[in-house]
Amino acid sequence: MRLTRPIAARWPVLLSMREAVGMGLAAIKAYKLRASLTILGVVMGIMTVTGMSSIVAGLNASMARQIESLGSSVLLIRPAAPGEHISDEEWRKRKTLSMDEVQAISVLPLVRAISPMEFVRVDLIKYGNQKVQDATTFATTAAYETVHDAFVQKGRFISDVDVDRASPVAVLGTDVVDALFAGVDPIDKEVFLDGRRFRVIGVMERKGKFLFMSRDNIILIPRGSIQRRDQRFNFMIADVKPISPAVLDRAVDQIRDAIRRKRKLRYLAPDNFAVFTQDTLTDLYRRITGGIYMVMIAISSIGLVVGGVGVMNIMLVSVTERTREIGVRKALGAKKRDILWQFLTEAMTLTGTGGLLGIFIGGGVAWLVDRFSPFPAVIQTSWVMVAFATALAVGLFFGLWPAAKAARLDPIEALRYE
Amino acid sequence: MSADAVPPSAPAVPPSAPPAAAAEADGSLIRAEDLWRTYVMGAEEIHALRGVSFTIAPNEYVAVMGPSGSGKSTLMNLIGCLDTPSRGRYVLRGKVVSEMNDNELAAIRNREIGFVFQTFNLLPRATALHNVELPLVYAGIPKDERMERARRALAMVDLADRMTHKPNELSGGQRQRVAVARALVMGPAILLADEPTGNLDTVTGEEIMRLFEKLHAEGNTIILVTHEKDVADHAQRTIHIRDGKIESDEKRR
């Protein structure tokens, strides 16, 4: 360490820093078991911060991508908003969207297109001998493509004519195509939805996964092409594209008004439906990750406090054991602050070593998670730095009392100490 | 943090050079005037020193003798700037030590006092070189210069070939020589030795005393605290302490 003389004279401790760090490492080496048990808490705490922040950050990044891929400016009309707490009683009162209401929304000035989607329960989809059982079937309209920015990669989408005539045609997601048509062109082939014959007219572009669920395992058919015997089991939702992303919030209000009028809700009665945007999903997600962060901070705090108290203990022992050394140092000209910094540096070396270990282990865990689990993990440099700074701060805080004790020692008594 | 007693720009004294001439008008290096040291034990006051006065000139070789409980150790602590008197005035190289605070005392110990202890008091995990370097660290001297001066100090006590050895790899005599090198490295006003041969056999003890004589001949001022007559006889002057007072102050040669 090269320092100019004035700085060096004012802060001789900077020159002896390396010595103190070395002494801390020597203490770890000399008392391997005691030191490693002591810093274990710090290791755990820092490991938690590094590992969990990496995993959460990875989730955040993939979540942001996925939410964006849903279409940035789409309004969702559902029986309830995500994260909304609804009693069973209330659930029963909620009505699903009717075609009448969809009609009313579609003519609103701020609405560009509305895509009603009726969930149709189909248990078995067959092409020849090939079967698919877990695909989701939606009855929808031509507006689906516009609203969701989802297009066919092959063939054509459902047209208004198909909807008017309730034609038995189907557009398949790529998962369904892969399952039913190995190496066969699916266009114009006939599939059977619970025994009803449908002609394949198109294949959707691959959309990938959302929340670890495939969005390509779907079948889209024209509204009305499968008639429900019991209308009570109709379950319709709708997605809306406003005329521009800028009017998103006003569009929400317009749609709410339209539905409330149709449903003749009284002035103060609450909505018995929900209209919300992607932001609601993002907010919900933030709340969840916020919770994860809280858990992370709680776990690591416990570890750090336990580790910190351990460090305080080992430092107190060290100060007592080295009373004589402190006396010698003072006799040779060490000032109070030199002794203080020596022991603080030593404590910080202990916790810093624990911190580094924690960062390596946590980083390793994150890497393993990223590699071998469906959760993506990205190691966050900022969090790693925060973690390391925290480890040092723990050393500083819990080392303060032992170091002050050392600094306060009377040189005469310290020299006489046996 | 308060300012250092000596400004950082003060030129360092090379270890081999004899101490600079005294600043006191009468040419004394140390001037003690009516030193009292009183300890309060509960309601009782114990006077460890009861008015001690003396002066020591540059390049004197003085032994301080006295039985245990005589106040000899208390006097040594005052001379060594580890403590300040309850009453009286202590001037070292023109600086009034008796009025200094802790930080100033630390700085003066660093620059003006070279301690040699009975039990050597070397840092066990550090090499000889590193032990000698320590006072230079606290003086804020850069690494290269520290190494250079520590090497020279070790060469002066004939330990140039033992620099990288740790205390437990050295003999008792060698350890005490490392301690002497450490005491001299800052070029102090006085070398203050407390029973320097107390933990050594007779032969090795003689070897250390010869080293002290050599250092004295080179111009160092030495104060030797001991209760052994043989050891005190090496000095030119002996101050006897009893019951907190100077009993006698004899010069020889």
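This is a predicted model: local features need pLDDT of at least 70, side-chain atom pairs count only at pLDDT 80 or more; totals for chains, interfaces and linings use all residues.
Residues are numbered from 1 along each chain as its sequence is written, chains are lettered from A and ligands numbered from 1 in the order in which they are written, and side-chain values use heavy atoms, with hydrogens and water left out.

Chain A is divided into domain 1 (11-65 + 283-416) and domain 2 (75-277), with bounds that come from an automatic or database domain assignment. Taken over C-alpha atoms, the centres of domain 1 of chain A and domain 2 of chain A are separated by 55 Å. Six residues of domain 1 of chain A are in contact with four residues of domain 2 of chain A, contact meaning heavy atoms within 4.5 Å. The area buried between these two domains is about 360 Å², and carbon and sulfur atoms give 83% of that area. Buried area here is the accessible area (1.4 Å probe) that two parts lose on being put together, summed over both. On the side of domain 1 of chain A, 70% of the area buried against domain 2 of chain A is supplied by A:Met63, A:Leu284 and A:Pro374, more than by any other three residues.

A:Ala258 is found in helix α9 (residues 248-263) of chain A. Helices (H or I, at least four residues) and strands (E, at least two) are DSSP runs, numbered from the N terminus. A:Ala258 is buried, with a relative accessible area of 5%; buried means under 20%, exposed over 50%, and partly exposed in between (1.4 Å probe, protein chains only). A:Ala258 and A:Ala104 are 154 residues apart in sequence, and their C-alpha atoms are 6.8 Å apart in space.

A:Leu33, in helix α3 (residues 32-69) of chain A, is exposed at 63% relative accessible area. Together with A:Leu37, A:Leu40 and A:Met44, A:Leu33 makes a nonpolar surface patch of about 420 Å². Patches are made of residues with over 30% relative accessible area and no salt bridge, like charges being joined within 9 Å and nonpolar side chains (Val, Leu, Ile, Met, Phe, Trp, Tyr) within 5 Å. Accessible areas come from the Shrake-Rupley method with a 1.4 Å probe, and for residues only the protein chains shown count as cover.

Over all chains, the whole structure holds 34 salt bridges. One of them joins the side chains of A:Lys154 and A:Asp185 (3.7 Å, N to O). A:Lys154 lies in strand β6 (residues 152-155) of chain A and A:Asp185 in the loop between α8 (174-180) and β8 (190-193), 31 residues apart. A:Lys154 is partly exposed at 38%, as is A:Asp185 at 40%.

A salt bridge also pairs A:Asp178 with A:Arg206 (3.2 Å, N to O). A:Asp178 lies in helix α8 of chain A and A:Arg206 in the loop between β9 (196-204) and β10 (209-210), so this pair ties together parts that are 28 residues apart in sequence. A:Asp178 is partly exposed at 47%, whereas A:Arg206 is exposed at 52%.

Technical notes:
A salt bridge is a side-chain nitrogen of Lys or Arg within 4 Å of a carboxyl oxygen of Asp or Glu.
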